[in-house]
Amino acid sequence: MREPPVTMLWEPVDARQALAQRFGLADGAAAAAHLAAVLAEHWGRRTTCSRLVLSDQNLLAWVHGDGGSSVVKACATQVAFPRLAAVAEVVARLGGLGLPVAAPVPALDGAHRVVADGVVPLSVVVMPLVEGAAPDAEDAPALRATGAALARMHTALAGTDLALPGPVPPAVRGADLPRPVRPLPGDAPARTRAPRAAARLDALLAELPDLDVVPTLVHGDVRGANVLVADGRAVLLDHDSMGLGHRVLDLARGAVTIATQFRSWDPPPPGASRHVLDGYREQAALTPLEEGWLAAALLAEGLRQVPAGADPAGWAAAVERDA
C-alpha cells in the first residue's frame, strides 16, 4: 500500500510524530492500513487512502474505493466518545431531512459511528466527500447561502430533543443563560484597541432585557473553515462542537468569522457579515429581542478576536468600523 502524505491542519508540529504520539500509528502507511481494516470490518468497504490530516486529537482520511470517495474522521479523545455518537445520530437525522450537511454513512449494523479497537481506541465516522470551496468573503451569494444553510439547520435542530452527553464544548458553554453575552473584561485588549466598539457593547448590555428564548441544539463552531460552497449551495461541516445554546450566538460567530481559515484568521471585509445575516433572515426570522442580542453578540465576538499584541489581520480596525 502506497503511503499517503500526512500533514497538520493548523498546528506547527511534526505530523508523523503527532500521528504516533496521539494515535499510536507509526506512519501514514500504518494509519491507512488501520483505517482500511476498520472500513472493511464495519462498513464492508475496500478502500485506499490518498491523504491524512491531523487536527488536535482528530485524524481525517480521504479514502476511495467501494462506495466512492469518502472522508473518515477518527477521534482519539475517549471522554468525548458518547457525545460523538449522539452528534452522529443528530447529523444523520439532519441529512435525512435534506439539510445541507455531510451526513454519516451507516455502518453494516446501522450505527452512524463506531469505536475501533487498536493501540489507541478511535471513534470513527465515515462521511461522503463534499466537493466545494470555502466561502469567498467577497462573494455575496455564497455568504447568503451560508446564512440560509445555518437558518435551516437551526430550524431543524429546534425540534430535536436528543441529549448530548459528556463535556460541553467551549463554543456553547454557558450559552443557556438568559443573558448569553458577557461584558468585556476590564483588562481585555479590545478595551483600549477598539474603545468605541467596547463602549457600544457596554451600552447594549445595560439596556437589553433577559433573552426569553429556550436554548436549543446549535452547531457551535460555524466559521469559514467549516463551510463548503458549490453551485450556490452551502454545506455546513464539523459538528463536533454541537450543544445547547442560543441561535443568535451561533449566527454571530459564523457572521464574524466567515473569512477565517485554519492558517489565516482574518476579519470579515465590509458588508460580509451583513450578507450572512441577510441569508439567515430570508429563511428564519428572529424576534425583536433576539435581534437586540444579535447586535450585542456580533460586537462581543469581534471584540474577542482583538489580540493583545500585533494585529496584522486588522481585527481592532474591523470591529471599530462595524461598531
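Visitor: Which residues in H6 meet which residues in H10?

Guide: Pro195, Arg196 and Ala197 in H6 meet Val319, Glu320 and Arg321 in H10, where contact means heavy atoms within 4.5 Å, and where helices (H or I, at least four residues) are DSSP runs numbered from the N terminus. This is a predicted model, in which local features need pLDDT of at least 70, side-chain atom pairs count only at pLDDT 80 or more, and totals for chains, interfaces and linings use all residues. Residues are numbered from 1 along each chain as its sequence is written, and side-chain values use heavy atoms, with hydrogens and water left out.

Visitor: Why are H6 and H10 called oblique to each other?

Guide: The axes of helix H6 (residues 195-207) and helix H10 (residues 315-322) cross at roughly 50 degrees and come within 7 Å, the axes being lines fitted to C-alpha atoms over the stretch in contact, with angles from 0 to 180 degrees between N-to-C directions. Angles under 35 degrees count as roughly parallel, over 145 as roughly antiparallel, 65 to 115 as roughly perpendicular and the rest as oblique, and H6 and H10 are therefore oblique.

Visitor: What makes H7 and H8 oblique as well?

Guide: Helix H7 (residues 247-256) and helix H8 (residues 272-283) pack at an angle of about 140 degrees, with their axes 8 Å apart, and are therefore oblique to each other. On the H7 side the contact is made by Arg247, Leu251, Ala255 and Val256, and on the H8 side by Ser273, Val276, Leu277 and Tyr280.

Visitor: How do you know whether arginine 22 is buried or exposed?

Guide: Buried means under 20% relative accessible area, exposed over 50%, and partly exposed in between, with a 1.4 Å probe and protein chains only; arginine 22 has 17% and is therefore buried. Arginine 22 lies in helix H1 (residues 15-23).

Visitor: What makes the pairing of arginine 22 with glutamate 11 a polar contact?

Guide: The two side chains make this contact at 2.9 Å, and a polar contact is a pair of N or O atoms within 3.5 Å, of which, within protein, one must be able to donate a hydrogen and the other to accept it, while residues adjacent in sequence count only if both atoms are side-chain atoms.

Visitor: What is meant by a nonpolar core, and how many residues has the largest one?

Guide: The term denotes a set of buried Ala, Val, Leu, Ile, Met, Phe, Trp, Tyr and Cys residues joined through side-chain atoms within 4.5 Å. The largest has 60 residues, and Leu201 and Trp293 are among those with the most contacts inside it.

Technical notes: Helices (H or I, at least four residues) and strands (E, at least two) are DSSP runs, numbered from the N terminus.
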